[in-house]
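Trainee: Hi! I'm new to this one, could you walk me through it?
Mentor: Happy to, let's have it on screen.

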Amino acid sequence: MRRLVPHPVLAVALVLMWLILTRFSLGQLVLGTGVALVASWALGPLEPRTIRIRRWRPIPGLLVVLAGDVMWSNLRVARQILSGRIPASGVVEVDLESRDRAVLALLAIIISATPGTAWLGWNPRSGKMLLHVFDLREEDEWKTLIQTRYECRLREIFEWET
């Protein structure tokens with residue numbers, strides 16, 4: 001069955017979404033099923049490698065730091081917007097040590113989930129990440145914050161040696 005439909009949950013979800021977005025009829029069911037099967041087959045070769053958590057202990061600390069940073073960033077961005085002054089936004093280039101896909105993916109999620117920052121890209125050759133900051137005052141402060149507050153904790157969770 002896995003060979004015929006590599007991602008059965010995705011296929012069923014796509015068919016249901018198709019039927020919700022269109023009017024239910026036998027023709028729409030057949031068409032939605034066809035689209036879902038093609039999408040499922042297309043995603044078959046993209047199977048990611050299994051991610052293994054090496055250490056569980058740093059996870060609660062990372063979540064506490066992240067929750068605090070998100071709350072603090074919300075307050076800072078709201079204050080900036082309500083004050084009416086134009087912030088000095090900019091782009092920062094941060095050197096990352098990690099090449100682990102799980103670390104990079106979670107770092108991108110963390111940065112993009114924090115108000116006032118956005119992950120713009122990562123260069124695998126140089127190991128540099130581009131970070132957009134809504135209110136940029138000190139570039140070095142942001143570089144240190146990303147490297148010590150997030151990357152080192154994620155590396156501790158996912159990589160064998162940090």
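Trainee: Let's start with E97: is E97 buried or exposed?
Mentor: E97 is exposed, because its relative accessible area is 60%. Buried means under 20% relative accessible area, exposed over 50%, and partly exposed in between, with a 1.4 Å probe and protein chains only.

Trainee: Before I go on, what kind of model is this?
Mentor: This is a predicted model, where local features need pLDDT of at least 70 and side-chain atom pairs count only at pLDDT 80 or more, while totals for chains, interfaces and linings use all residues. Residues are numbered from 1 along each chain as its sequence is written, and side-chain values use heavy atoms, with hydrogens and water left out.

Trainee: Thanks! Which residue forms a salt bridge with E97?
Mentor: R155 does, and the closest N and O atoms are 2.8 Å apart. A salt bridge here is a side-chain nitrogen of Lys or Arg within 4 Å of a carboxyl oxygen of Asp or Glu. E97 sits in the loop between β1 and α4 (101-113) and R155 in helix α5, so the pair ties together parts that are 58 residues apart in sequence. Helices (H or I, at least four residues) and strands (E, at least two) are DSSP runs, numbered from the N terminus.

Trainee: And R155, buried or exposed?
Mentor: R155 counts as buried, because its relative accessibility is 13%.

Trainee: How many salt bridges are there by this rule?
Mentor: The count comes to 6. One of them joins the side chains of D95 and K128 (2.9 Å, N to O). D95 belongs to strand β1 and K128 to strand β3, so this pair links parts that are 33 residues apart in sequence. Salt bridges that share partners also join E93, D95 and K128 into one network.

Trainee: What about β1 and β3, in which sense do they pair?
Mentor: β1 and strand β3 (residues 128-133) pair in the antiparallel sense over 6 bridges; two strands pair if DSSP finds at least two bridges between them. V91 stands opposite H132 in β3.

Trainee: Changing topic, where does I20 lie?
Mentor: I20 is in helix α1 (residues 8-21). At 65% relative accessibility, I20 counts as exposed.
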